[in-house]
Amino acid sequence: MSSEYMGEMQSGASGTGAVPEDGMPAGREDGVVAAPVHTPVAGTRRAAEDGERSVRRLSLMRSAEAYDRERLGYRVAKRAFDIAFSAAVIAVGLVPGAILCAAIAIDSPGCPLYGQRRVGRIGADGRPREFTMWKFRSMVKGADKMKDELMASNEVEGPMFKMRDDPRVTRIGRFIRRHSIDEFPQFLNVLLGDMSVVGPRPPLPEEVAEYDEWAMQRLAVKPGLTGPWQVGGRSDVDFDDMVRLDLGYIARRGVMTDLKLILQTVAVVFTGKGAA
């Protein structure tokens with residue numbers, strides 16, 4: 001052994017990087033192998049497994065995302081329509097919306113508007129992009145904290161919660177949910193570019209955490225206010241069926257497909273078909 005190498009070992013043993021007899025770096029008890037941030041090394045088996053799962057979940061989605069980027073003309077037309085349509089709806093619905101807000105506040109104490117963190121499409125770094133999605137409040141104040149107590153009554157399989165007779169829903173809430181009126185503030189999200197008029201519905205962050213490779217593909221495009229799930233059954237459709245509908249839309253989406261879904265949505269809003 002060279003004298004230079006021996007000197008390095010002695011220096012390491014006496015400095016801040018000393019390694020005790022059990023092989024663990026000083027001050028570390030969690031089994032993590034210390035390494036500079038830029039080094040692409042997973043220090044634990046758990047980290048390696050999580051990294052592999054993340055790569056698998058993103059692999060199929062990247063193909064769908066690349067396909068979507070190639071359709072520049074459609075994307076420009078879609079965004080132009082989103083801006084014009086959402087601005088018109090907001091202008092027409094401003095006064096009725098204010099009246100509804102007053103009715104909601106009278107029916108149930110609390111702010112008549114409800115903001116919830118949702119996941120949009122996946123960013124270039126592979127991380128889900130979150131945004132605040134707005135609704136007219138249809139549940140009692142503090143409804144999110146009551147969700148865990150109701151999970152045993154979930155009527156949908158998979159990472160999604162639906163309950164037909166949800167006790168958290170208010171009297172006005174049942175009406176506006178049945179006719180999707182509670183979703184109208186999301187036209188502001190459309191105008192800001194967080195959402196599109198038509199697309200897969202934006203999921204909750206905790207739902208995305210449970211997605212497999214197949215379900216992750218629905219995050220390859222911008223989420224929408226309405227989509228194939230809304231006109232294909234809504235609460236009558238389970239999670240796997242919802243994903244199938246969304247992936248079918250992503251594969252076939254175009255200007256005519258979007259217009260057709262918008263017209264079908266208008267019919268669903270008036271009939272309340274499939275609402276919880």
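Buried means under 20% relative accessible area, exposed means over 50%, and partly exposed lies in between, as computed with a 1.4 Å probe on protein chains only. This tour uses those words at several stops.

The model is predicted, so local features need pLDDT of at least 70 and side-chain atom pairs count only at pLDDT 80 or more, while totals for chains, interfaces and linings use all residues. Residues are numbered from 1 along each chain as its sequence is written, and side-chain values use heavy atoms, with hydrogens and water left out.

**The whole chain**

Begin with the entire chain in view. Of its 276 residues, 38% count as buried. The chain contains eleven helices and four strands; these are DSSP runs numbered from the N terminus, with helices (H or I) of at least four residues and strands (E) of at least two. A contact means heavy atoms within 4.5 Å. Among contacts between residues at least 6 apart in sequence, 71% join residues at least 24 apart.

**Helix H3 beside helix H11**

Select residues 72-107, which form helix H3, and residues 255-271, which form helix H11. Their axes are 10 Å apart and the helices pack at an angle of about 30 degrees. Axes here are lines fitted to C-alpha atoms, for helices over the stretch in contact, and angles run from 0 to 180 degrees between N-to-C directions. Angles under 35 degrees count as roughly parallel, over 145 as roughly antiparallel, 65 to 115 as roughly perpendicular, and the rest as oblique. H3 and H11 are therefore roughly parallel to each other.

Now show the side chains of Tyr74, Lys78 and Phe81 in H3, which meet Val255, Asp258, Leu259 and Ile262 in H11. The residues of this contact of H3 with H11 comprise five nonpolar, no polar and two charged. In this scheme Ala, Val, Leu, Ile, Met, Phe, Trp, Tyr, Cys and Pro count as nonpolar, Asp, Glu, Lys and Arg as charged, and the others, Gly among them, as polar.

**Helix H3 against helix H5**

Leu100, Ala103, Ile104 and Asp107 of H3 make the contact with Arg171, Ile172 and Ile176 of H5. The contact of H3 with H5 divides into five nonpolar residues, no polar ones and two charged ones.

Next, display arginine 171 and aspartate 107, whose side chains meet in a salt bridge (2.8 Å, N to O). A salt bridge is a side-chain nitrogen of Lys or Arg within 4 Å of a carboxyl oxygen of Asp or Glu. Because arginine 171 lies in helix H5 and aspartate 107 in helix H3, the pair ties together parts that are 64 residues apart in sequence. Arginine 171 is exposed, with a relative accessible area of 69%.

**Further salt bridges**

The count of salt bridges comes to eight. Select arginine 168 and aspartate 166, which form one with their closest N and O atoms 2.7 Å apart. Arginine 168 is buried at 4% relative accessible area, and aspartate 166 is buried at 2%.

Move on to aspartate 246 and arginine 218, joined by a salt bridge (2.8 Å, N to O). Aspartate 246 is in helix H10 (residues 239-252) and arginine 218 in the loop between helix H8 (213-216) and strand E4 (224-226), so this pair links distant parts of the chain, 28 residues apart. Aspartate 246 counts as buried at 1% relative accessibility, as does arginine 218 at 2%.

How many disulfides does the structure hold? It holds zero, a disulfide being a pair of cysteine sulfur atoms within 2.5 Å. Select cysteine 101: its sulfur is 7.5 Å from the closest cysteine sulfur, in cysteine 111, too far for a bond. Cysteine 101 is buried, with a relative accessible area of 17%.

**Two loop residues**

Select serine 180, in the loop between H5 and helix H6 (186-192). Its phi is near 60 degrees, a positive value in a residue other than glycine. At 16% relative accessibility, serine 180 counts as buried.

Finish at aspartate 238, in the loop between helix H9 (228-231) and H10. Aspartate 238 is partly exposed, with a relative accessible area of 34%. Aspartate 238 and phenylalanine 161 are 77 residues apart in sequence and 9.9 Å apart in space, C-alpha to C-alpha.
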